[in-house]
Amino acid sequence: HLYSVPYTQKIDEIQSILVRQGSLGVLFIDLSPFSQIERDYGSRAFAKVLTSATELIEQLKGTEVRKEDVLATSENCDDTLLIFVSPRRSGEPAVLSEIQEVAQRIEIHLNRKLARRTYPFVNQRPNVTVGYAFTIKNPLVMPARLVARVINDARDCVHFLDRKSGSAGM
């Protein structure tokens, strides 16, 4: 399953995007609102939710998510999915405004679809937040370090968006 593949196992592919296009965008999909399912119903139920979220993202390949985008989890395979944005079809690097728009569309899609799939487990509508960040290649910083930083920046974006909307979690 995708949700069990940490980005560190795909670091060469991710770094090659950064080096090739001179920049890297990442979407940080925070599924922590569903962690209550694991506590109440066990790890199998929670794994079903993570699998559902992954399947929903896979369904977006070719539309919102490029086929070449790299999908993975955070380092410890928790309740986070990451999408590392590949270059546009024209070969041009992605820009932050595009990444923000895609993050918003994926967030709407996941919140709508996961509500139906998680109904047996939760009574409230889920609130998945999709953060995003962008970094530019810096020859003075190791690519792996830039990847880790952009993930942290996208995580910080999730926290900012949650505070802004006043809806941290469910």
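The radius of gyration is taken over C-alpha atoms, and the globule rule is 2.2 Å times the number of residues to the power 0.38.

**Figure 1. Overall fold of the predicted protein chain**. For 170 residues, a compact globule would have a radius of gyration near 15 Å, and the 16 Å of the protein chain agrees with this. The protein chain holds 5 helices and 4 strands, which are DSSP runs numbered from the N terminus (helices: H or I, at least four residues; strands: E, at least two). Along the sequence they follow the pattern α-β-α-α-β-β-α-β-α.

**Figure 2. Crossing of helices H1 and H5**. The axes of H1 (residues 11-21) and H5 (residues 143-165) come within 10 Å and cross at roughly 95°; axes are lines fitted to C-alpha atoms, for helices over the stretch in contact, with angles from 0 to 180 degrees between N-to-C directions. The two helices are therefore roughly perpendicular, a term for angles of 65 to 115 degrees. Ile-11, Ile-14, Gln-15, Leu-18 and Val-19 in H1 meet Pro-143, Ala-144, Leu-146 and Val-147 in H5, where contact means heavy atoms within 4.5 Å.

**Figure 3. The buried side of helix H5**. Buried residues (under 20% relative accessible area, 1.4 Å probe, protein chains only) in H5 include Val-150, Ile-151, Ala-154 and Asp-162. Their cover includes H1, strand E1 (23-30), strand E3 (80-85) and strand E4 (129-136). After H5 comes Gly-166, with a positive phi near 70°.

Residues are numbered from 1 along each chain as its sequence is written, and side-chain values use heavy atoms, leaving out hydrogens and water. In this predicted model, local features need pLDDT of at least 70 and side-chain atom pairs count only at pLDDT 80 or more, while totals for chains, interfaces and linings use all residues.

How values were computed. Parallel < 35°, antiparallel > 145°, perpendicular 65-115°, else oblique. Buried < 20%, exposed > 50% of the residue type's maximum accessible area, 1.4 Å probe, protein only.
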